[in-house]
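Here are my notes on the model you sent. They go from single residues to the chain as a whole.

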Amino acid sequence: MAGRRVALVTGSSRGLGSAIARRLAGEGMAVAVNGLHDAEVAAVVGAIREESGVAEGFSGDVTDERGVRGLVAAITERLGPVDVLVLNATGPQPEAPLTEVAWSDHLAQLDFFVKSPILLGNEIIPGMRERRYGRIVHIDSEVADRPPPGRSAYATAKNAQIGLARSWARELAPFGITVNTVAPGFIPVERHADVPAAVRDAYLATVPAARMGTPDDIAAAVSFFASAAASFITGQRLVVDGGRALM
């Protein structure tokens, strides 16, 4: 789409991804909204258009190789080549003691946080290299640094994602492509609706900023890394946790 950067935000039909998509659209990007459920994708696209933004919906599983090829081809046809790739998609995050976590449980997490970025990168990065411009932002998690009991598969996959992002940053910097990560703390979104109030209160007591983070806090960090102003920043990881990492 002439005059606009094109951004793909994976897993943007709700939660953090929805806020990121709306933020990037508000800053003038044409946004490809992605998720598994057509109705949720359409709702985010509708919200962006109501705010005078440009967006198109693309339902699909970003852990499926054939699906990713079709997704990127459709985005390129309808919006143009992807300039900004935000790797936000996530799946179920079951909790279990490490002695009960099978290799298949690890693979399920790696599918979202390593396989999906690689599949998308294989389709999108060559065009970024040719144009000598790109912004790639991974969404990881504070859990990579502070894994609670029962989250070993998730924490392991997130650390693998961080290593992947840093490797990409080193190799892609000469081509005008930056690769950074944003690590949210506990940001309550739809999938946390069943978290007990006592658990939220206990977490809040560990946050120096004395409030819970919001999806907009994460969207603001992603927006900066995705901007032209961040052209000399790559290989960095920004933890957005209200200062909790200081504790």
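1. Helices here are DSSP runs of H or I with at least four residues, numbered from the N terminus. On that basis, Leu-172 belongs to helix H5, which covers residues 152-172. Please keep in mind that this is a predicted model.

2. Is Leu-172 buried or exposed? Buried means under 20% relative accessible area. Leu-172 has 5% relative accessibility, so this residue counts as buried.

3. Which residues does Leu-172 touch, leaving aside those up to four places away in sequence? The contacts are with Ile-125, Arg-129, Ile-136, Ile-177 and Val-179. As for Gly-17, its C-alpha lies 24 Å from that of Leu-172, and the two are 155 residues apart in sequence.

4. The structure has four aromatic pairs. One of them is formed by Phe-112 and Phe-113, whose ring centres are 6.5 Å apart; the planes make an angle of 50 degrees, so the pair is tilted. Phe-112 is partly exposed, at 21% relative accessible area, whereas Phe-113 is buried, at 2% relative accessibility. Phe-112 and Phe-113 also form one aromatic cluster with Tyr-154.

5. Phe-224 and Phe-225 make a tilted aromatic pair, with 6.0 Å from centre to centre and 40 degrees between the planes. Phe-224 is partly exposed, with a relative accessible area of 39%. Phe-225 counts as buried, at 5% relative accessibility.

6. On the overall layout, the chain has seven helices and seven strands. What is their order from the N terminus on? The elements run β-α-β-α-β-α-β-α-β-α-β-α-α-β.

7. Does the radius of gyration agree or disagree with that of a compact globule? For 247 residues, such a globule would have a value near 18 Å; the chain has 17 Å, which agrees. Along the principal axes, the C-alpha atoms fill a box of roughly 50 × 35 × 35 Å.

8. Of the 247 residues in the chain, 48% are buried. Taking contacts between residues at least 6 apart in sequence, 74% join residues at least 24 apart.

9. The chain exposes about 11,700 Å², and carbon and sulfur atoms supply 55% of that area.

Conventions:
Residues are numbered from 1 along each chain as its sequence is written. This is a predicted model: local features need pLDDT of at least 70, side-chain atom pairs count only at pLDDT 80 or more; totals for chains, interfaces and linings use all residues. Side-chain values use heavy atoms; hydrogens and water are left out. Helices (H or I, at least four residues) and strands (E, at least two) are DSSP runs, numbered from the N terminus. The radius of gyration is taken over C-alpha atoms; the globule rule is 2.2 Å times the number of residues to the power 0.38. Buried means under 20% relative accessible area, exposed over 50%, partly exposed in between (1.4 Å probe, protein chains only). Contact means heavy atoms within 4.5 Å. Accessible areas come from the Shrake-Rupley method with a 1.4 Å probe; for residues, only the protein chains shown count as cover. Rings of Phe, Tyr and Trp (its six-membered ring) pair if their centres lie within 6.5 Å; planes under 30 degrees apart count as stacked, over 60 as edge-to-face and the rest as tilted.
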